[in-house]
Amino acid sequence: MNARLLNTILILWLVGCVLLLAWGGGGDRGILLCDAITKGDLKFTEHLLKGRASPNAFDRQGHSAVSLAGNATILEVLLRHGATLQGNYTHHRAYSLLWTAACNGDLERVRYLIGKGADPVFKGSEPNQAAPFVQAMNCGHYDVAAFLLSLNPPKIPKDQIMWGLQPCL
């Protein structure tokens, strides 16, 4: 084989690899989607979703695509393509999207997720995981805790409320 033919083969192989990555082939669509979302690349995110990337994909660290959406526009696109809020965890350790937003004190995101149907009392799949309002209180985000409690106030038996003490809000 001559050098020119080898160069042509090499160039075609490299172009094929680049196209394969760009189009999300080989099962890497979810990882590419999460990368595009992290970078805030709306156009490439939409391209990958149209190419059948799962809107419920996870990146290599175990974060869900929905949890990586840093702005409402990308989150809307993911929801439009079938992303779910219930049972869609931010991480393989099973923290719910709402739980994470409450933990971070992100009241705007908490309101948005509730508006899109997230369950305010969904704890996640960990056996001892606190409810989102409890986690918000534990992290010092009392505004978020108060908002979540206003949606579904807990019932505290009167015998558990001591004289002079009130539940934290």
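Figure 1. K39 is exposed, because its relative accessible area is 63% (exposed is over 50%, buried is under 20% and partly exposed is in between, with a 1.4 Å probe and protein chains only). This is a predicted model, in which local features need pLDDT of at least 70 and side-chain atom pairs count only at pLDDT 80 or more, while totals for chains, interfaces and linings use all residues. Residues are numbered from 1 along each chain as its sequence is written, and side-chain values use heavy atoms, with hydrogens and water left out. K39 forms a salt bridge with D35, and the closest N and O atoms are 3.1 Å apart (a salt bridge is a side-chain nitrogen of Lys or Arg within 4 Å of a carboxyl oxygen of Asp or Glu). With a relative accessible area of 36%, D35 is partly exposed. The count of salt bridges comes to three, and the next two views show E46 with R80 and E76 with K116.

**Figure 2. A salt bridge between E46 and R80.** The side chains of E46 and R80 meet at 3.7 Å, N to O. E46 lies in helix 3 and R80 in helix 5, so the pair ties together parts that are 34 residues apart in sequence (helices, H or I of at least four residues, and strands, E of at least two, are DSSP runs numbered from the N terminus).

**Figure 3. A salt bridge between E76 and K116.** Here the N to O distance is 3.0 Å. E76 belongs to helix 5 and K116 to the loop between helix 7 and helix 8, so this pair links distant parts of the chain, 40 residues apart.

**Figure 4. The buried residues of helix 5.** Helix 5 spans residues 72–80, and its buried residues are I74, L75, V77, L78 and L79. What covers them? The cover includes helix 2 (29–38), helix 3 (42–50), helix 4 (65–68) and helix 7 (107–115). Just after helix 5, look for G82, which takes a positive phi of about 105°.

**Figure 5. The largest nonpolar core.** This core has 36 residues, and those with the most contacts inside it are L33, L78, V110, L113 and L148 (a nonpolar core is a set of buried Ala, Val, Leu, Ile, Met, Phe, Trp, Tyr and Cys residues joined through side-chain atoms within 4.5 Å). Helices that each supply at least two residues include helix 6 (97–103), helix 8 (132–138) and helix 9 (142–151). Not counting residues up to four places away in sequence, V110 touches L98, A101, A102, V144, F147 and L148 (contact means heavy atoms within 4.5 Å).

**Figure 6. P120 in its loop.** P120 lies in the loop between helix 7 and helix 8. Is P120 buried or exposed? At 18% relative accessibility, P120 counts as buried. Leaving aside neighbours within four places in sequence, P120 is in contact with L98, I114, P132, L148 and L151. The C-alpha atoms of P120 and L149 are separated by 8.5 Å, although these residues are 29 apart along the chain.

**Figure 7. R111 over the ring of F147.** The charged end of R111 sits over the ring of F147, 4.4 Å from its centre (this needs NZ of Lys or CZ of Arg within 6 Å of the ring centre and within 35 degrees of the ring normal).
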